[in-house]
Amino acid sequence: MNSVASDPALIGLDWGTSSLRAFLMSGDGEVLETRYEPSGIMSVEDGAFETAFEGLVGDWLDGYDVPVMASGMITSRNGWLETPYQSAPAGPEEFANALVSLTTSSGVTINFITGLSTENDGAPDVMRGEETQIVGVSAQGDGVFVMPGTHSKWVTVQDGRIENFSTFMTGDVFAALKNHTILGAFIEDGPVSDKGFRLGVSAGLDGSVKLLERLFHVRTLPLFEKITKEQTGDYLSGLLIGSEIAAALAGIPETKKVTIVANEELTHRYEVALEIAGIATDRASANAAAMGQFAIAKSAGVLS
(Lines give C-alpha, C1' and ligand atoms only; values in the text may rest on other atoms or scores of the structure.)
Protein backbone atom coordinates (compact mmCIF):
# COMPACT_ATOMS: atom_id res chain seq x y z
CA MET A 1 0.00 0.00 0.00
CA ASN A 2 1.24 3.49 -0.77
CA SER A 3 2.76 5.32 2.16
CA VAL A 4 2.16 8.74 0.56
CA ALA A 5 -1.06 10.15 2.04
CA SER A 6 -2.22 11.69 -1.23
CA ASP A 7 -1.85 8.46 -3.22
CA PRO A 8 -4.85 6.12 -3.75
CA ALA A 9 -5.34 3.93 -0.67
CA LEU A 10 -8.97 2.77 -0.69
CA ILE A 11 -11.90 2.11 -3.03
CA GLY A 12 -15.38 2.62 -1.62
CA LEU A 13 -18.71 1.50 -3.08
CA ASP A 14 -21.99 3.13 -2.03
CA TRP A 15 -24.36 0.68 -3.73
CA GLY A 16 -28.04 1.33 -3.21
CA THR A 17 -31.36 0.26 -4.69
CA SER A 18 -31.24 2.65 -7.65
CA SER A 19 -27.65 3.83 -8.01
CA LEU A 20 -23.99 2.96 -7.53
CA ARG A 21 -21.29 5.44 -6.54
CA ALA A 22 -17.62 4.56 -6.34
CA PHE A 23 -14.94 6.57 -4.54
CA LEU A 24 -11.18 6.44 -4.94
CA MET A 25 -9.71 7.71 -1.67
CA SER A 26 -6.27 8.74 -0.51
CA GLY A 27 -4.50 7.65 2.65
CA ASP A 28 -5.85 10.64 4.53
CA GLY A 29 -9.45 10.09 3.41
CA GLU A 30 -9.58 12.63 0.58
CA VAL A 31 -11.87 11.62 -2.29
CA LEU A 32 -9.62 11.70 -5.35
CA GLU A 33 -12.24 10.61 -7.87
CA THR A 34 -15.93 9.74 -7.87
CA ARG A 35 -17.83 7.64 -10.39
CA TYR A 36 -21.57 7.12 -10.74
CA GLU A 37 -23.79 4.60 -12.49
CA PRO A 38 -27.60 4.28 -12.36
CA SER A 39 -27.04 0.55 -11.82
CA GLY A 40 -28.54 0.00 -8.39
CA ILE A 41 -29.04 -3.51 -7.13
CA MET A 42 -32.51 -3.80 -8.68
CA SER A 43 -31.15 -3.12 -12.17
CA VAL A 44 -28.35 -5.69 -12.05
CA GLU A 45 -29.63 -8.62 -14.07
CA ASP A 46 -29.15 -12.22 -12.96
CA GLY A 47 -27.08 -11.21 -9.94
CA ALA A 48 -24.15 -10.08 -12.10
CA PHE A 49 -22.77 -7.79 -9.40
CA GLU A 50 -19.15 -8.73 -10.03
CA THR A 51 -19.50 -7.71 -13.68
CA ALA A 52 -21.08 -4.38 -12.73
CA PHE A 53 -18.38 -3.77 -10.10
CA GLU A 54 -15.46 -4.48 -12.41
CA GLY A 55 -17.10 -2.54 -15.24
CA LEU A 56 -17.15 0.60 -13.12
CA VAL A 57 -13.79 0.43 -11.33
CA GLY A 58 -11.80 -2.19 -13.24
CA ASP A 59 -9.08 0.27 -14.19
CA TRP A 60 -8.71 1.32 -10.54
CA LEU A 61 -8.31 -2.33 -9.58
CA ASP A 62 -5.67 -2.78 -12.29
CA GLY A 63 -3.81 0.38 -11.36
CA TYR A 64 -3.87 0.30 -7.56
CA ASP A 65 -3.43 -2.54 -5.09
CA VAL A 66 -5.82 -1.11 -2.48
CA PRO A 67 -8.61 -2.55 -0.31
CA VAL A 68 -12.29 -2.23 -1.20
CA MET A 69 -15.18 -1.30 1.12
CA ALA A 70 -18.86 -1.56 0.19
CA SER A 71 -22.00 -0.32 1.92
CA GLY A 72 -25.69 0.08 1.15
CA MET A 73 -28.42 -2.22 -0.09
CA ILE A 74 -25.74 -4.34 -1.73
CA THR A 75 -25.69 -6.23 1.61
CA SER A 76 -29.46 -6.84 1.58
CA ARG A 77 -31.30 -10.02 0.66
CA ASN A 78 -31.55 -8.75 -2.93
CA GLY A 79 -27.90 -7.68 -3.06
CA TRP A 80 -24.58 -9.33 -3.69
CA LEU A 81 -24.05 -10.70 -0.18
CA GLU A 82 -26.63 -10.56 2.59
CA THR A 83 -25.15 -9.63 5.95
CA PRO A 84 -26.81 -9.68 9.39
CA TYR A 85 -27.77 -6.37 10.96
CA GLN A 86 -25.58 -4.89 13.65
CA SER A 87 -27.62 -3.85 16.70
CA ALA A 88 -27.63 -0.25 17.92
CA PRO A 89 -25.88 1.41 19.60
CA ALA A 90 -22.94 1.11 17.25
CA GLY A 91 -20.04 3.14 15.88
CA PRO A 92 -16.97 2.59 13.70
CA GLU A 93 -15.53 -0.11 15.97
CA GLU A 94 -18.70 -2.22 15.99
CA PHE A 95 -19.10 -1.94 12.20
CA ALA A 96 -15.42 -2.78 11.75
CA ASN A 97 -15.82 -5.93 13.84
CA ALA A 98 -18.89 -6.94 11.82
CA LEU A 99 -17.32 -6.66 8.35
CA VAL A 100 -18.07 -9.56 6.00
CA SER A 101 -15.57 -10.26 3.21
CA LEU A 102 -16.04 -11.77 -0.24
CA THR A 103 -13.35 -12.57 -2.79
CA THR A 104 -14.30 -12.20 -6.45
CA SER A 105 -13.35 -14.66 -9.17
CA SER A 106 -10.52 -12.29 -10.15
CA GLY A 107 -9.13 -12.32 -6.61
CA VAL A 108 -10.36 -8.94 -5.34
CA THR A 109 -11.49 -8.95 -1.70
CA ILE A 110 -14.47 -6.72 -0.89
CA ASN A 111 -15.25 -5.80 2.73
CA PHE A 112 -18.99 -5.37 3.17
CA ILE A 113 -20.28 -3.01 5.87
CA THR A 114 -23.46 -4.36 7.38
CA GLY A 115 -26.67 -2.48 8.17
CA LEU A 116 -28.02 -1.43 11.56
CA SER A 117 -31.14 -2.39 13.51
CA THR A 118 -32.95 -1.00 16.53
CA GLU A 119 -36.35 -1.39 18.18
CA ASN A 120 -38.87 1.31 19.04
CA ASP A 121 -42.37 0.85 20.48
CA GLY A 122 -41.98 -2.92 20.30
CA ALA A 123 -41.22 -2.97 16.55
CA PRO A 124 -37.88 -3.30 14.74
CA ASP A 125 -36.39 -0.62 12.49
CA VAL A 126 -33.50 -1.04 10.05
CA MET A 127 -31.14 0.81 7.75
CA ARG A 128 -28.55 -0.21 5.17
CA GLY A 129 -26.10 2.37 3.89
CA GLU A 130 -27.27 5.25 6.05
CA GLU A 131 -25.26 3.93 9.00
CA THR A 132 -22.05 4.38 7.01
CA GLN A 133 -22.99 7.95 6.06
CA ILE A 134 -23.72 8.76 9.70
CA VAL A 135 -20.36 7.33 10.77
CA GLY A 136 -18.80 9.71 8.25
CA VAL A 137 -20.67 12.88 9.17
CA SER A 138 -20.73 12.25 12.93
CA ALA A 139 -17.06 13.21 12.91
CA GLN A 140 -18.59 16.73 13.06
CA GLY A 141 -19.83 15.80 16.53
CA ASP A 142 -22.73 14.18 18.34
CA GLY A 143 -26.29 15.30 17.76
CA VAL A 144 -29.42 14.69 15.71
CA PHE A 145 -29.25 13.89 12.00
CA VAL A 146 -32.03 13.64 9.41
CA MET A 147 -31.62 11.72 6.17
CA PRO A 148 -34.58 12.74 3.96
CA GLY A 149 -35.82 10.58 1.13
CA THR A 150 -38.22 7.81 0.23
CA HIS A 151 -37.76 6.50 3.77
CA SER A 152 -36.49 9.37 5.93
CA LYS A 153 -34.23 8.45 8.83
CA TRP A 154 -33.89 10.44 12.06
CA VAL A 155 -30.71 9.43 13.86
CA THR A 156 -29.26 10.32 17.26
CA VAL A 157 -25.49 10.07 17.80
CA GLN A 158 -23.87 10.10 21.22
CA ASP A 159 -20.19 9.59 22.05
CA GLY A 160 -19.51 8.94 18.37
CA ARG A 161 -21.97 6.01 18.16
CA ILE A 162 -25.44 5.72 16.64
CA GLU A 163 -27.68 5.44 19.70
CA ASN A 164 -31.06 5.12 17.98
CA PHE A 165 -33.01 6.00 14.85
CA SER A 166 -36.54 6.09 13.41
CA THR A 167 -37.81 5.73 9.85
CA PHE A 168 -40.61 7.80 8.29
CA MET A 169 -42.05 6.73 4.91
CA THR A 170 -42.50 10.33 3.81
CA GLY A 171 -41.34 10.06 0.20
CA ASP A 172 -43.20 6.81 -0.42
CA VAL A 173 -46.43 8.22 1.02
CA PHE A 174 -46.12 11.38 -1.08
CA ALA A 175 -45.72 9.32 -4.28
CA ALA A 176 -48.60 7.00 -3.38
CA LEU A 177 -50.99 9.84 -2.55
CA LYS A 178 -50.05 11.87 -5.64
CA ASN A 179 -50.20 8.98 -8.09
CA HIS A 180 -52.86 6.66 -6.68
CA THR A 181 -55.52 8.73 -4.88
CA ILE A 182 -58.06 11.43 -5.69
CA LEU A 183 -55.58 14.02 -4.39
CA GLY A 184 -53.56 13.67 -7.57
CA ALA A 185 -56.41 15.15 -9.58
CA PHE A 186 -55.84 18.46 -7.78
CA ILE A 187 -52.08 18.58 -8.38
CA GLU A 188 -50.63 20.20 -11.49
CA ASP A 189 -46.96 20.42 -12.33
CA GLY A 190 -45.46 23.89 -12.18
CA PRO A 191 -42.65 25.92 -10.64
CA VAL A 192 -41.73 25.10 -7.05
CA SER A 193 -44.14 26.95 -4.78
CA ASP A 194 -42.43 28.22 -1.64
CA LYS A 195 -45.79 29.57 -0.42
CA GLY A 196 -47.56 26.24 -0.88
CA PHE A 197 -44.73 24.35 0.79
CA ARG A 198 -44.59 26.68 3.79
CA LEU A 199 -48.37 26.49 4.26
CA GLY A 200 -48.16 22.71 4.21
CA VAL A 201 -45.24 22.59 6.66
CA SER A 202 -47.10 24.83 9.11
CA ALA A 203 -50.21 22.65 8.86
CA GLY A 204 -48.15 19.50 9.39
CA LEU A 205 -46.23 20.89 12.36
CA ASP A 206 -49.42 22.15 13.97
CA GLY A 207 -51.51 19.06 13.44
CA SER A 208 -49.35 15.98 13.02
CA VAL A 209 -51.82 13.93 15.05
CA LYS A 210 -54.52 15.06 12.60
CA LEU A 211 -52.59 14.08 9.49
CA LEU A 212 -55.32 11.88 8.04
CA GLU A 213 -57.77 14.76 8.42
CA ARG A 214 -55.37 17.40 7.10
CA LEU A 215 -54.64 15.32 4.00
CA PHE A 216 -58.20 15.92 2.80
CA HIS A 217 -57.37 19.65 2.72
CA VAL A 218 -55.09 18.87 -0.22
CA ARG A 219 -58.37 18.45 -2.10
CA THR A 220 -60.49 21.17 -0.49
CA LEU A 221 -57.97 24.04 -0.52
CA PRO A 222 -57.64 24.16 -4.34
CA LEU A 223 -61.34 23.30 -4.71
CA PHE A 224 -62.21 26.56 -2.92
CA GLU A 225 -59.29 28.42 -4.57
CA LYS A 226 -57.39 29.00 -1.33
CA ILE A 227 -54.32 27.63 -3.12
CA THR A 228 -53.75 26.93 -6.80
CA LYS A 229 -53.36 23.49 -8.33
CA GLU A 230 -49.74 24.41 -9.08
CA GLN A 231 -49.18 24.98 -5.36
CA THR A 232 -50.95 21.84 -4.23
CA GLY A 233 -48.10 19.38 -4.77
CA ASP A 234 -45.74 21.48 -2.66
CA TYR A 235 -48.48 21.90 -0.04
CA LEU A 236 -48.76 18.09 0.17
CA SER A 237 -44.97 17.76 0.38
CA GLY A 238 -44.83 20.36 3.14
CA LEU A 239 -47.71 18.77 5.04
CA LEU A 240 -45.99 15.38 5.11
CA ILE A 241 -42.55 16.79 5.95
CA GLY A 242 -44.03 19.00 8.68
CA SER A 243 -45.81 15.99 10.17
CA GLU A 244 -42.61 13.96 9.99
CA ILE A 245 -40.62 16.69 11.77
CA ALA A 246 -43.25 17.12 14.49
CA ALA A 247 -43.33 13.38 15.18
CA ALA A 248 -39.53 13.02 15.07
CA LEU A 249 -38.90 15.94 17.41
CA ALA A 250 -41.49 14.63 19.85
CA GLY A 251 -39.32 11.53 20.19
CA ILE A 252 -36.10 13.53 20.58
CA PRO A 253 -36.93 16.22 23.17
CA GLU A 254 -34.87 19.38 23.58
CA THR A 255 -33.43 19.17 20.06
CA LYS A 256 -31.93 22.54 19.12
CA LYS A 257 -30.10 21.68 15.90
CA VAL A 258 -30.38 19.04 13.19
CA THR A 259 -27.75 18.09 10.60
CA ILE A 260 -29.24 17.30 7.18
CA VAL A 261 -27.73 14.51 5.09
CA ALA A 262 -29.27 14.77 1.63
CA ASN A 263 -28.99 16.14 -1.90
CA GLU A 264 -29.34 19.86 -2.57
CA GLU A 265 -33.09 19.87 -3.27
CA LEU A 266 -34.10 17.88 -0.20
CA THR A 267 -31.59 19.70 1.99
CA HIS A 268 -33.21 23.03 1.05
CA ARG A 269 -36.72 21.74 1.76
CA TYR A 270 -35.76 20.44 5.19
CA GLU A 271 -33.86 23.63 5.98
CA VAL A 272 -37.02 25.64 5.29
CA ALA A 273 -39.23 23.22 7.21
CA LEU A 274 -36.93 23.06 10.23
CA GLU A 275 -36.59 26.85 10.25
CA ILE A 276 -40.38 27.09 10.49
CA ALA A 277 -40.18 24.60 13.37
CA GLY A 278 -37.62 26.84 15.10
CA ILE A 279 -34.73 24.38 14.70
CA ALA A 280 -31.24 25.36 13.51
CA THR A 281 -29.62 23.25 10.78
CA ASP A 282 -26.24 22.18 9.43
CA ARG A 283 -25.42 20.58 6.09
CA ALA A 284 -23.45 17.33 5.96
CA SER A 285 -20.67 16.69 3.48
CA ALA A 286 -21.71 15.32 0.11
CA ASN A 287 -19.05 12.61 0.60
CA ALA A 288 -20.59 11.24 3.80
CA ALA A 289 -20.57 7.62 2.58
CA ALA A 290 -16.90 7.78 1.58
CA MET A 291 -15.98 9.38 4.90
CA GLY A 292 -17.77 6.59 6.77
CA GLN A 293 -16.17 3.85 4.71
CA PHE A 294 -12.74 5.36 5.38
CA ALA A 295 -13.39 5.60 9.14
CA ILE A 296 -14.59 1.99 9.36
CA ALA A 297 -11.67 0.77 7.24
CA LYS A 298 -9.27 2.55 9.60
CA SER A 299 -10.96 1.05 12.64
CA ALA A 300 -10.83 -2.44 11.10
CA GLY A 301 -7.13 -2.17 10.30
CA VAL A 302 -7.88 -2.50 6.59
CA LEU A 303 -5.83 0.66 6.13
CA SER A 304 -2.38 0.96 7.67
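## About the model

This is a predicted model, in which local features need pLDDT of at least 70, side-chain atom pairs count only at pLDDT 80 or more, and totals for chains, interfaces and linings use all residues. Residues are numbered from 1 along each chain as its sequence is written, and side-chain values use heavy atoms, with hydrogens and water left out.

## Two open sheets

Let's start with the strands (DSSP runs of type E with at least two residues, numbered from the N terminus, as are helices, which are H or I runs of at least four). E5, E8 and E9 form an open sheet of three strands in that order, with mixed pairing; two strands pair if DSSP finds at least two bridges between them. Strand E5 (86-87) and E9 are its edge strands, each pairing on one side only. E5 and strand E8 (residues 116-120) run parallel and are joined by two bridges.

Five strands make up another open sheet, ordered E12-E11-E10-E13-E14 and also mixed in pairing. Here strand E12 (161-168) and strand E14 (280-283) are at the edges. Neighbouring strands are turned by 25 degrees against each other on average, direction ignored. Strand E10 (residues 143-147) pairs with strand E11 (residues 152-158) in the antiparallel sense over five bridges, and Val146 stands opposite Trp154 in E11. H3 packs on this sheet, touching E10, E11 and E12, and its direction makes about 135 degrees with that of E10.

## H3 against H10

Helix H3 (residues 130-137) also packs with helix H10 (residues 288-300), at an angle of about 80 degrees and with the axes 6 Å apart. That makes H3 roughly perpendicular to H10, a label for angles of 65 to 115 degrees, while under 35 counts as roughly parallel, over 145 as roughly antiparallel and the rest as oblique. Axes are lines fitted to C-alpha atoms, for helices over the stretch in contact, and angles run from 0 to 180 degrees between N-to-C directions.

On the H3 side, Thr132, Gln133, Val135, Gly136 and Val137 take part; they meet Ala288, Ala289, Met291, Gly292, Gln293, Ala295 and Ile296 of H10, where contact means heavy atoms within 4.5 Å. The residues in this contact are seven nonpolar, five polar and no charged (Ala, Val, Leu, Ile, Met, Phe, Trp, Tyr, Cys and Pro are nonpolar, Asp, Glu, Lys and Arg charged, and the others, Gly among them, polar).

## Pockets and a cavity

For probe work, the 1 Å grid covers the protein atoms alone: a cavity is a set of points where a 1.4 Å probe fits but cannot get out, a pocket is an open set with protein on both sides within 12 Å along at least five of seven lines, and lining residues have an atom within 4 Å of a point. Points are joined across faces, edges and corners, and a volume is the space filled by probe spheres set on them.

The largest pocket has a volume of about 1,200 Å³. Of its 38 lining residues, Arg128, Glu130, Gln133, Pro148 and Gly149 are the closest to the centre. The second largest pocket holds about 480 Å³, and H8 gives the most to its lining, with six residues. The largest cavity, of about 30 Å³, is lined by Pro92, Ile134, Val135, Ser138, Val157, Gly160, Arg161 and Ile162; H3 and E12 are the elements that each give two or more residues to that lining.
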